[in-house]
Amino acid sequence: MPTVEAHPDELRTLTGREDKDDDELRSDLFALGLEYEGETDDGAFELEFAPDRLDRLSVEGIARSLRYQYGEDRGVYVPRTNDPDWTIEVDPSVPSDRPYVTGAVARGVDLDDDALDSLIQLQEKLHATMGRRRVKGAIGIHDLTMLKGERLSEAAADGRTKSIRYVGVETDGDRFVPLDSERELTPGEVLEQHPTGREYADIVSAYERLPAIYDDIGLFSFPPVINGRRTEVSTDSRDLFVEMTGTDQRTIDEMLAIVCYALDARGATIEKVTVEYASGASGAHAGDSLVRPDLSTDEKRVTHEQIERTLGIDLTPEAVVDLLERSGLDGEPTDDAYDVMIPPYRVDVLHPQDLVDDVGRAYGFNELEPRYPDVGTVGGRHERSRLEGAVRNALVGLGFEETMNFHLIGRADNHDRMGVESGSEVVGGGEAATIAEPYSEEYEIVRTWALPSLMMVLEGNTHRSYPQNLAEIGLAAHLDDDENTGVAEWRTVAAVLARHDASYEDAKARLQALARTFGVELETPPTDHPTFLNGREAEVVIDGDSVGVIGEIHPEVLAEHDLELPVVAFEFRLDALR
Amino acid sequence: MRLPPPQVAVLEAASASEPRTTDTLAEEIGEDEATVAGAAFALDEAGLVDVTDRTETSVSLTDEGRAYADEGLPEVRLYEAALGVGADEEPASMGEVIGASSLDGGLVDIALSNYARKGYGSVERGELRADRSADPDEDSEARTLAELVSDADAVDPVDLDADVLDQLERRQLVERHDRAVRAVRLTDDGVTALMEGVEPAETADRLTSSMLTSGAWRETEFAEYNVAADAPEIRAGRAHVLRQVADRVTDVLVGMGFQEMEGPHVDADFWINDCLFMPQDHPARTHWDRFALESPERIDDLPEDLVERVERAHHDGAGEYGDGYNAPWDEDFSRALALRGHTTSLSTRYLSGYQVGELEPPQRYFSVEKAYRNDSIDNTHLLEFFQIEGWVMAEELSVRDLMGTFTEFYEQFGITDLEFKPHYNPYTEPSFELFGTHPETGDLIEIGNSGIFRQEMLDPLGVDCDVMAWGLALERLAMLITGAEDIRDLHGTLVDLDFLRNAEVIY
């Protein structure tokens with residue numbers, strides 16, 4: 001879950017509620033779903049929250065939610081925007097893997113250290129969440145005064161415009177000085193030599209050209225990797241240029257809306273930017289001219305019935321409108337429903353049900369009275385689980401201590417240490433379903449039988465008293481082309497008897513008792529199985545089907561498991577006892 | 001008076017005037033000492049005899065002590081040899097004296113180390129002098145050895161010189177033994193009982209089949225056992241403690257009208273995530289904790305029309321005002337196989353009608369089955385855990401129904417103050433994390449996640465009524481119930497058998 005840092009002093013200032021002490025703030029934040037996890041060295045709250053309300057990834061966004069909670073604000077707020085002065089020209093050379101760009105200008109922003117930190121945090125958190133680690137969307141924020149873009153343009157009405165250009169360049173293209181560097185580097189060198197470049201190189205490695213943004217002076221941004229030092233934002237910056245590139249226009253536009261709301265809360269005036277896609281540009285907007293940021297509101301209709309049905313309570317239309325406004329929404333009652341206006345930072349709202357959730361949160365879910373649903377159904381266990389229970393009871397009656405082991409196991413434990421070859425015809429010899437890129441040799445595959453798990457439990461408990469009569473009923477699986485998933489899964493019954501005088505007969509006696517309990521016919525014709533001692537191993541045949549194996553564990557396998565006393569064992573498919 | 005035969009024998013053999021030890025009594029009446037002691041204690045309990053305990057010390061010679069008693073102490077032999085070569089007149093060389101003494105090996109050292117100590121002479125610069133005034137016949141150590149060798153039993157250690165005995169013990173020539181001696185003396189009541197006549201009663205240690213068939217049990221007195229004593233340990237067969245918790249959960253849910261689900265552990269991402277309206281670029285799906293399979297890689301068949309509907313919901317959302325995700329959709333990823341990260345894959349299979357046919361409301365379903373997370377293992381996280389998954393399908397369900405159902409469920413486990421914290425899941429709205437107070441520590445802890453399934457999830461599955469669902473880890477509940485602090489004690493091959501053997505039963 002995402003975390004965000006917000007200093008309580010900042011929250012007090014931004015909400016205008018200097019009266020709230022830290023404890024009250026913590027409890028108000030919990031009510032918003034922002035859980036206090038601790039504090040940073042300088043006293044900022046570390047807050048964790050579920051990844052839906054990404055507009056709360058900044059202290060400004062959290063303060064906005066608190067203001068609605070406190071009733072300081074009501075209804076939808078949309079920042080005023082000025083007409084565009086700047087244009088982003090999108091060149092046909094832009095890589096088709098990253099065709100989209102958006103942007104905005106923010107003027108007169110009041111950037112002290114805290115505000116700058118918050119802006120940097122918002123940028124990083126948006127990268128990690130909506131931006132999908134910068135793959136889907138990446139943000140660049142620049143000091144506008146450092147950009148030179150003034151030049152004549154025939155397209156502009158007054159004959160002049162300011163522009164920057166989004167283009168595609170070669171790895172050995174123009175040099176620029178990236179952030180945290182003293183040297184001029186080509187984009188290719190950034191990817192090889194700069195720590196940030198190395199971190200994000202995988203995103204652009206398959207691009208046919210590298211994305212770059214130019215002004216009249218030259219390359220100043222290499223999205224999604226790093227900005228140039230020339231336009232670096234500091235606490236002295238008053239006017240900012242925000243650009244975002246990505247693989248999806250809507251996503252970067254939504255990220256931009258969230259950033260613009262945060263800048264607005266810091267006193268900035270938002271100025272629009274024109275995005276002009278060349279007709280030869282790749283992506284869905286070729287030839288289009290977009291004006292950004294798009295701070296237009298969305299509208300969804302939610303019925304009164306849906307609200308009452310979901311919350312299980314009766315509400316008047318006035319109460320619903322009130323609850324909507326307290327959520328930062330506007331609701332217009334119409335025909336037993338509400339046309340709800342949704343501000344652009346609420347990127348989480350996909351469906352009217354999300355508005356019902358807002359109404360419920362504003363009402364207070366914990367105010368609702370629980371009731372047991374008046375719905376009659378008949379309960380019952382699955383047949384397999386009833387059988388498993390009956391076999392477990394029988395095993396316990398025979399004196400076995402049940403173990404519950406992992407279904408995941410190492411190849412060595414499952415096959416090699418048992419003397420069994422993968423792909424052989426014996427019980428446990430099936431080819432295992434295999435995990436891609438396992439982290440540990442102890443957990444590489446799904447076990448093909450349960451006996452290795454029991455041997456491992458014996459191995460780990462040689463200091464405990466004997467006899468150790470252990471059993472397990474659990475999952476085993478192996479590759480099987482006839483199955484839709486390519487894997488045959490079944491429940492297996494495995495048991496071991498470890499004690500100084502254990503013999504084949506002890507295992508056979510118990511297996512016989514099981515067979516008798518379940519009314520099946522048991523035969524144990526001799527067989528060959530590498531885990532067991534020659535001449536003391538048999539196939540388990542139940543009602544004519546070969547379903548398992550029984551015998552004395554081979555001394556070599558015992559030695560492999562550091563066991564110094566005989567072990568007899570059996571394993572067979574649970575469904576054989578049906 | 002009738003008493004068991006050993007008690008009669010002891011009573012008759014005991015004397016009122018002098019205490020008699022149990023071993024002498026045992027020898028006299030021909031029983032073993034334990035039986036006599038048992039009878040004596042029973043008689044003591046009845047007030048017929050007094051049993052007294054004291055510790056008796058006896059002394060015996062070690063093999064070395066016995067040898068010296070026969071051949072003489074090494075230092076005495078050295079002295080006699082020294083006299084033999086005239087060392088009382090002139091110092092004699094050590095070699096000469098030792099040669100004459102026929103001492104060898106370790107005995108030489110022993111002789112030399114005791115020679116001067118006991119005043120037989122002196123040893124200096126390889127020369128040995130003998131003190132003429134010393135008298136080997138007066139050697140207290142030698143005399144004590146001689147006394148003990150003739151008849152150790154007749155010697156009471158109290159009569160011996162304690163210093164000499166200590167010295168001999170240090171030299172490891174004698175051993176002292178402590179022995180508890182029980183002595184029995186008749187009391188006045190015992191004397192009276194004997195005068196009035198005591199007869200042996202038939203007693204038996206065990207009830208036998210022949211006693212039952214012959215009826216002899218009627219005439220038999222059964223020996224009393226020490227019923228308070230610990231018996232030898234036996235090991236019971238037993239179900240795993242986690243299984244007991246799972247069974248308990250299952251019982252509760254079945255009692256609440258839930259049917260059990262069943263389905264594959266290795267499943268396509270389609271069933272695990274796509275059907276849950278989880279965008280394909282959701283961090284949880286690309287995250288490293290997913291257990292993707294290398295072999296096999298893809299499922300063979302998915303229901304085509306369902307795949308199409310799910311894809312449409314991802315793109316366009318559901319309903320007139322619905323929006324979808326701006327996320328990539330790749331059917332190849334839908335087909336990719338993984339170990340299920342949650343058992344909600346069973347719920348999607350059942351809700352779709354693919355597993356057991358179309359379901360009409362009302363329905364309740366559950367499972368207590370394994371899910372897999374490629375996470376690091378620590379005391380609260382395992383790679384595999386049991387997930388309790390449950391859902392209710394009905395024409396109309398509200399948040400209050402959800403709260404009522406879960407309140408009821410958790411109350412069965414002693415959690416009565418359930419709190420619902422609004423939460424976010426991609427597949428439910430509204431969503432709640434469930435919190436409850438730990439019955440022992442009093443901490444507020446997260447005990448589940450719940451919500452009402454979204455229309456974007458239910459529409460493609462063909463469900464047009466309400467479904468509410470919840471899930472939680474069984475291990476978390478088990479730790480709550482058992483007080484276990486390390487999940488690894490409960491589950492897996494690292495288990496300590498003694499933990500399982502000593503775990504309290506759950507019911």
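**Sheets, domains and the chain A–chain B interface**

In chain B, seven strands make up an open, mixed sheet with the order β11-β15-β16-β20-β19-β18-β17. Strands here are DSSP runs (E, at least two residues), helices are DSSP runs (H or I, at least four residues), and both are numbered from the N terminus. Two strands count as paired if DSSP finds at least two bridges between them. The edges are held by β11 (259-260) and β17 (419-425) of chain B, each with a single partner strand, so one side of each has no neighbour in the sheet. Within this sheet, β18 (residues 428-437) and β19 (residues 444-453) of chain B run antiparallel and are joined by eight bridges. B:Phe435 stands opposite B:Glu446 in β19(B).

The model is predicted: local features need pLDDT of at least 70, side-chain atom pairs count only at pLDDT 80 or more, and totals for chains, interfaces and linings use all residues. Residues are numbered from 1 along each chain as its sequence is written, chains are lettered from A and ligands numbered from 1 in the order in which they are written, and side-chain values use heavy atoms, with hydrogens and water left out.

Chain B also holds an open sheet of three strands, ordered β2-β7-β3, with antiparallel pairing. Its edge strands are β2 (20-21) and β3 (49-61) of chain B; each has a single partner strand, so one side of each is left without a neighbour in the sheet. Two bridges link β2(B) to β7 (residues 174-186) of chain B, and these strands run antiparallel. Here B:Arg20 is placed opposite B:Val184 in β7(B). In general, strands of a sheet pair through backbone hydrogen bonds, either parallel or antiparallel.

Domain bounds were taken from an automatic or database domain assignment. For chain B, the assignment gives domain 1 (2-56 + 178-222), domain 2 (63-173) and domain 3 (243-266 + 341-502). The C-alpha centres of domain 1 and domain 2 of chain B are 51 Å apart.

Chain A is assigned domain 1 (3-70), domain 2 (81-292), domain 3 (298-367) and domain 4 (383-577). The C-alpha centres of domain 1 and domain 3 of chain A are separated by 24 Å. Six residues of domain 1 of chain A and seven residues of domain 3 of chain A take part in the contact (heavy atoms within 4.5 Å). Together these domains bury about 650 Å², with 50% of it on carbon and sulfur atoms. Buried area is the accessible area (1.4 Å probe) that two parts lose on being put together, summed over both. A:Asp52, A:Arg53 and A:Tyr68 supply 66% of the area that domain 1 of chain A buries against domain 3 of chain A, more than any other three residues. The interface of these two domains has zero salt bridges (a side-chain nitrogen of Lys or Arg within 4 Å of a carboxyl oxygen of Asp or Glu).

Over all chains, the count comes to 87 salt bridges. One of them joins A:Lys162 and A:Asp85, with the closest N and O atoms 3.2 Å apart. A:Lys162 lies in β8 (residues 160-169) and A:Asp85 in β4 (residues 81-90) of chain A, so the pair ties together parts that are 77 residues apart in sequence.

Between the chains, 90 residues of chain A are in contact with 102 residues of chain B. The area buried between chain A and chain B is about 8300 Å², and carbon and sulfur atoms give 53% of it. The two chains share 16 salt bridges. Among them, B:Glu369 and A:Arg384 meet through their side chains (2.9 Å, N to O). The bridge partner of A:Ile435 in β13(B) is B:Leu293.

Some backbone features lie in loops. A:Glu437 is in the loop between β20 and β21 (445-446) of chain A. Phi of A:Glu437 is near 45°, a positive value in a residue other than glycine. A cis peptide bond joins A:Arg292 and A:Pro293, with omega about 0°. A:Pro293 sits in the loop between β14 (289-292) and β15 (298-303) of chain A. In chain B, a cis peptide bond joins B:Pro361 and B:Pro362, with omega about 0°. B:Pro362 lies in the loop between α17 (344-351) and β15 (363-372) of chain B.
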